[in-house]
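Have a look first, then we'll start.

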Amino acid sequence: MSINHILAIETSCDETSIAVLESSKKELRVLSNVISSQIKLHAEWGGVVPNLAAREHVKNLPKVLEKALGEAKIGFSDLGLISVVNGPGLIPALLTGLNFAKTLAYKLDKPLLGIHHIEGHIYANFIGGISNDEFQISKHRSVQNSKFKIQNSTNIKFPILCLVVSGGHTQLVLMKDHLRYEIIGQTLDDAVGEAFDKVARILDLGFPGGPAVSALAETASEKLKAESEKKYKIKLPRPMLNSKDFNFSFSGLKTAVLYETKKLKEKLPATDYGLLVPEICHEFQQAAIDVLVSKTLKAAEKYEVKTVMLAGGVSANKELRKQLGLAVSELLHDTSYIIPDTSLTGDNAAMIGAAAHFRWQKMSEDEKENSKNGWKTLQANANLKMA
Ligand code: KG4
Ligand code: ZN
């Protein structure tokens, strides 16, 4: 069974997204990737409200579908495969996308594949152009620093070590081949994105916290260079930096920010405290990056990987992208560094379609045939594990 166009749907959290990808054995291209964000709506509540997210997905899905098909310039009859995130995520939100996908798959009599959200984030790294019968790193991938070992013509070679950093996950995933995942380390408490969001809440910076904290951190690093003398040196811990495993912990770091902030607020006049907020952000971000980079490098050495990758919402963080890239190019030999384009770091459906494409290529004809029953059998799972 061959498919030409994949429709992909993502509704695991607060982004309603539908994408159309053109897929063949040798090529994968994103024809459209429409994302409708609900961030403003949830910001009023200081976090994502699951039932509110679900209601918005129901309202948005038909409009987003129309736009995605329109931009791709195709109709329903051109679709060969439907793919949808079926976990992990917020159950009310997941169910809206899943039921929408099931209705389409039933009505159009098409195969339906469920994709793991993190698998999607990882596969955002594989979306691109093609030459020499292989998937290539394409212009979709942003490369700010030519010192990084990213070249447009380099293939993505296995084994890959992917540092997954999002609002719900912090994991080191070893991939010896496509769709084979071994989690060699993960956070024992908060995910790093969650820590960014909680620190933003402590510092009254709004929701989501990651972009706000990193923007303020950037202003601090410029100021730090200019100022030689500092009245108050903010120093935060680097949890588990020297532990022998590849696990992480970010809850203590967030609590350290809470105590430091309390102390500074009590000790200093409000204006002086205000001036130090960017520095708190800078030190927090650097503490998180130090641990992430150090563990990733150690794991990459141990498993002798050929590629280090970054994935998930926090992979939008400029400093993390830069510092991990520099560490890989300076300390690891013959290891490529691959990062997703910034337009693909957050939740989006193109990454789901990319994962579906690779899954489809590996499926037997029987499995392909069975996926036509997906509209009956596919289930959502808030805690879905990566197979
Ligand atoms: O992957 P994602 O969009 O959703 C989940 O799957 O969780 O990740 C969202 C997370 C949020 O915690 C957000 O604060 C964080 O990614 N984030 C960032 C940045 N942009 C988004 N964290 C640090 N720096 C950023 N620039
Ligand atoms: Zn995500």
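Q: What should I know about the model before reading on?
A: This is a predicted model, where local features need pLDDT of at least 70, side-chain atom pairs count only at pLDDT 80 or more, and totals for chains, interfaces and linings use all residues. Residues are numbered from 1 along each chain as its sequence is written, chains are lettered from A and ligands numbered from 1 in the order written, and side-chain values use heavy atoms, leaving out hydrogens and water.

Q: How do you know whether the radius of gyration agrees with a compact globule?
A: Take the C-alpha atoms and the globule rule, 2.2 Å times the number of residues to the power 0.38. For 387 residues that gives a value near 21 Å, and the protein has 21 Å, so the two agree. Along the principal axes, the C-alpha atoms fill a box of roughly 70 × 45 × 35 Å.

Q: What does lysine 295 touch?
A: Contact means heavy atoms within 4.5 Å. Leaving aside residues up to four places away in sequence, lysine 295 touches Leu172, Met240, Leu241, Ser243, Asp245, Phe246, Asn247 and Phe248. Leucine 172 is 123 residues away in sequence, yet its C-alpha is 8.7 Å from that of lysine 295.

Q: What makes an atom a donor of the zinc ion (ligand 2), and which residues coordinate the ion?
A: Donors are N, O and S atoms within 2.8 Å of the metal (3.2 Å for Na, K and Ca); water is not among the atoms, so sites may look incomplete. His117 (NE2), His121 (NE2) and Asp347 (OD) coordinate the zinc ion at 2.1 Å. Their spacing along the chain is H-x3-H-x225-D. Histidine 121 sits in helix H4 (residues 117–123) and aspartate 347 in the loop between strand S12 (336–338) and helix H10 (350–362), 226 residues apart. Both histidine 121 and aspartate 347 are buried.

Q: How many helices and strands are there?
A: Twelve helices and twelve strands. They are DSSP runs numbered from the N terminus: helices (H or I) have at least four residues, strands (E) at least two.

Q: How do you know that S8 and S9 pair?
A: Two strands pair if DSSP finds at least two bridges between them. Six bridges join S8 (residues 160–165) to S9 (residues 170–177), running antiparallel, so they qualify as a pair. Valine 164 stands opposite glutamine 171, and isoleucine 160 opposite methionine 175.

Q: Which strands stand at the edges of the sheet, and why?
A: The open sheet has five strands in the order S10-S9-S8-S11-S12, with mixed pairing. Strand S10 (180–186) and S12 each have a single partner strand, so one side of each is left without a neighbour in the sheet.

Q: What makes S9 largely enclosed?
A: Six of its eight residues are buried, so the rest of the structure largely encloses S9.

How values were computed:
Buried < 20%, exposed > 50% of the residue type's maximum accessible area, 1.4 Å probe, protein only.
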